Amino acid sequence: MKNIIVTGSSGNLGRAVVKKFVAEGYRVSGTVLPGDLLPSEIQDDKFEKTVVDLLDENSGEKFVAEIVSKHGEVTAAVLTVGGFAQGNIAATTTADVLKQYKLNFETAYNIARPVFMQMLKQNNGRIFLIGSKPGLTAEAGNGMVAYGLAKSLLLRLAELMNLEAKGKNVVTSVVIPGTIDTPQNRIGMPGADFDNWVRPEDIASVIHYYCTEEAKALREPVIKVYGNA
């Protein structure tokens, strides 16, 4: 059975990814952060949930090692944990930048690094980092300085991983979603046209496609899933 790691498995996107891959027959190892009180609505023998402090490097390495020891190769990893903050340069302190760095980069890197090393050993695997439009261009990140800077690091990380994995069947991609249709975003932007947003389920389907045999020749470093935006 193929194995996948999904961080942030209790979040809107994380839950959609878990459901999609469980339905496709994968064994899914999901992480939740310490203190996460959201109940798991996914009851399936192929899904197991583990509390992991993704801000702690040793905890990330231990978690990946345990998955490998228990289940063998890691087919894919989808790293959905992150956080958002607004603020222009005048309103953004070093502390603000550091907080966003930890939420959006460290939480990804502390899993991506040990997963990447394992995939190099097994000579196959796909890593999906969740980026954002503000991390893709400075224009889109205007007014979201700390958030945009943190997300931009994921793009460079993917580039560096793909350089190190050249000649191997290991690919790291950054998924760039448009506005995701979540209850929180609907509350925060009640006047928006929700039909133009992208559903978490659609993002999950795109990620799954890139894990299939049909997509094995694709090495997309940036995957834009914008919906109708």
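**Aromatic pairs in a predicted model**

At 48% relative accessibility, Phe84 counts as partly exposed. Buried means under 20% relative accessible area, exposed over 50%, and partly exposed in between (1.4 Å probe, protein chains only). This is a predicted model, where local features need pLDDT of at least 70, side-chain atom pairs count only at pLDDT 80 or more, and totals for chains, interfaces and linings use all residues. Residues are numbered from 1 along each chain as its sequence is written, and side-chain values use heavy atoms, with hydrogens and water left out.

A search of the whole structure finds six aromatic pairs. Rings of Phe, Tyr and Trp (its six-membered ring) pair if their centres lie within 6.5 Å; planes under 30 degrees apart count as stacked, over 60 as edge-to-face, and the rest as tilted. One of the pairs is Phe84 with Tyr147. Helices (H or I, at least four residues) and strands (E, at least two) are DSSP runs, numbered from the N terminus. Tyr147 is buried, because its relative accessibility is 11%.

Now turn to Phe105 and Tyr109. Their ring centres lie 5.6 Å apart with planes at 15°, so this pair is stacked. Both residues lie in helix α3, four residues apart, about one turn of the helix. Phe105 is buried at 12% relative accessibility, whereas Tyr109 is partly exposed at 30%. Together with Tyr101, Phe105 and Tyr109 form one aromatic cluster.
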